[in-house]
Amino acid sequence: MSLRQSWKGPGLKPLEESLLNLRWFFRYGVCMRITVRAVDPEYVKDEILAVALMEEDKLPFPELMKSMRKDEFEPKLGMTYTLDTQGKTGFRKLLLFGLGKKEDFNLDFLRRFGGTAARYAAQLKSASFSISAEVKGVAAEDAAQAVCEGAVLANYKPIKFKTKKEDYFDVQELNLVTKADVSGAVKRASILAEAQNYVRDFNEDPANIATPQKLAEVAKQLAKERKLAFTAMGKEEMRKKKMNAILAVNQGSALPPVLVVLEYNREKKNLPLYAVIGKGITFDSGGISLKPSKGMQDMKYDKTGAVTVLGIMRAASELQLPIRLIGTFAATENMPSGSAQKPGDIITAYNGKTIEVLNTDAEGRLILADVLAYVAERKPEAMIDLATLTGAMIICLGKHRIGLFSNDDKLADAISRSGDRTFERVWRFPLDKEYYEMNKGDFADIKNTGSETGDAGSITAAAFLGEFVGECKWAHLDIAGVDNITDRHGYLEKGASGMGVRLVVETLKSLAKK
Ligand code: BES
Ligand code: ZN
Ligand code: ZN
């Protein structure tokens with residue numbers, strides 16, 4: 001990433017401008033520039049001014065509000081009202097956004113506010129807009145971060161494969177109206193939301209473009225930009241190392257597999273070591289246990305865990321988290337062919353455990369088995385894996401929460417709290433020994449499906465992974481469902497969501513503090 005910063009001195013007229021001016025350029029275009037302006041909202045000079053209100057708040061700008069009928073706007077959550085100021089103010093349009101009752105307030109409502117304002121600016125084809133980021137009862141830094149995250153996330157559009165880009169308007173400037181010093185919060189928001197957009201953009205690539213090889217190239221590019229250590233392991237080395245579970249899944253594919261390891265702060269041995277691990281199936285056809293064709297196109301998103309790991313590495317390094325961090329994933333297609341693995345096959349994983357492959361569509365746990373066992377040898381303080389692991393997860397939680405499974409209560413609690421803060425909410429499931437027992441094999445140590453009927457399918461999948469983590473503190477995030485959005489909402493569009501980046505980075509940040 002190239003980060004250009006320029007500083008404007010205070011006292012610039014006509015607005016009392018101050019502080020930060022950040023500009024980013026990424027491979028998918030120009031991103032939003034955010035400027036903090038220490039000015040009262042009524043003196044804003046811009047196309048649009050957006051203001052958020054709780055139900056208890058007084059309406060701003062009494063003069064302008066005279067034209068509004070009482071029934072036209074109430075500050076209920078998500079309700080908006082727009083008005084043309086007819087030249088009475090320095091801004092041409094006013095957008096009011098309802099935050100609901102004070103007692104029900106959640107910081108995510110401010111992300112939705114930022115997203116709504118950015119979308120309104122895009123709809124009016126306005127290159128810039130101003131947002132009042134001072135919200136009564138909310139810490140200035142938190143408010144600024146949430147508003148900026150929402151705006152940057154809402155400004156991303158999955159249009160990389162559209163040829164007529166001019167049909168989609170890019171809002172270029174966000175002016176954050178606040179008197180507090182929120183430059184740090186703005187920077188954090190930009191780093192996190194841009195990392196999430198990076199994941200969304202790359203994850204949108206279909207399987208003919210995002211091959212395992214391509215994933216490795218993107219990781220290498222990131223490593224170069226962020227000065228991370230990079231290694232990529234090919235088929236031959238996997239054979240030597242006996243990573244037979246990855247190789248078995250790869251058997252049916254015409255493309256070779258790859259295992260990528262990125263490391264941030266590798267040489268700083270005094271910092272605590274953490275690891276994040278992603279499932280990188282670039283296309284999951286199911287293999288010989290072929291999936292039905294309906295919806296199969298969405299299996300391009302089966303690499304979400306791996307791509308999210310890249311986003312996490314990028315954000316963690318830009319935020320300069322005081323930890324050492326391994327980011328790793330195995331990538332391969334899961335395809336049927338004459339050479340594909342077959343139901344009933346028995347393989348010996350990297351850690352020596354034997355696995356009966358009863359269903360070739362339960363391939364995620366196979367590749368993760370080898371990677372988890374490999375990373376556990378490094379003895380990190382904790383490891384967190386992200387995987388679109390089971391369809392059963394969507395049956396359990398729908399698309400609103402991420403499934404959390406862990407062998408450590410403190411780690412699980414840290415993740416849960418981070419989920420609430422980032423609104424990438426999780427729900428913890430049990431991992432009792434009975435679930436481990438469900439995976440016992442008839443002919444090998446374990447089988448890759450817990451039961452024929454799919455009982456507790458997400459839990460038995462997690463328990464399968466638990467066989468490969470050794471003594472390590474470990475958490476598994478089943479991100480099936482949240483990996484892609486089907487109904488556009490507050491600040492995310494239909495398509496890859498990039499969810500998991502902010503959750504895991506926030507978790508790592510909280511662990512680093514201890
Ligand atoms: N990638 C899928 C899980 C998935 C399904 C993610 C739908 C997102 C949406 C995974 O590899 C899979 O196919 N799991 C099987 C496991 C079963 C065969 C035990 C499943 O969930 O059906
Ligand atoms: Zn599968
Ligand atoms: Zn899969």
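Reader: Which residues line the largest pocket, and what makes them lining residues?
Author: In this predicted model, 42 residues line the largest pocket, and Lys-291, Asp-361, Thr-390, Gly-391 and Ala-392 lie nearest its centre. They count as lining because each has an atom within 4 Å of a point of the pocket, which is an open set on a 1 Å grid over the protein atoms alone, with protein on both sides within 12 Å along at least five of seven lines.

Reader: What volume does the largest pocket have, and how is a volume defined?
Author: About 970 Å³ of space lies in the largest pocket. A volume is the space filled by probe spheres set on the grid points, which are joined across faces, edges and corners.

Reader: Which elements give two or more residues to the lining of the largest pocket?
Author: These are S12, H10 and helix H13 (457–466). H10 provides the largest share, four residues. Helices (H or I, at least four residues) and strands (E, at least two) are DSSP runs, numbered from the N terminus.

Reader: What takes up the space of the largest pocket?
Author: The space taken by ligand 1 is the largest pocket. A molecule sits in a pocket if more than half of its atoms lie within 2 Å of the pocket's grid points.

Reader: How many residues surround ligand 1, and what makes a residue near?
Author: Ligand 1 is surrounded by 16 residues, the closest being Lys-291, Asp-302, Asp-361, Glu-363 and Gly-391. A residue is near if one of its heavy atoms lies within 4 Å of the molecule. The shell around ligand 1 holds four nonpolar, five polar and seven charged residues. Here Asp, Glu, Lys and Arg count as charged, Ala, Val, Leu, Ile, Met, Phe, Trp, Tyr, Cys and Pro as nonpolar, and the others, Gly among them, as polar.

Reader: Which residues line the largest cavity, and what makes a space a cavity?
Author: Gln-145, Arg-188, Leu-192, Leu-319, Arg-502, Val-505, Glu-506 and Lys-509 line the largest cavity. A cavity is a set of points where a 1.4 Å probe fits but cannot get out. Its volume is about 40 Å³, and H14 gives the most to its lining, with four residues.

Reader: How are residues and chains labelled, and which confidence limits apply?
Author: Residues are numbered from 1 along each chain as its sequence is written, while chains are lettered from A and ligands numbered from 1 in the order in which they are written. Local features need pLDDT of at least 70 and side-chain atom pairs pLDDT 80 or more, while totals for chains, interfaces and linings use all residues, and side-chain values use heavy atoms, with hydrogens and water left out.
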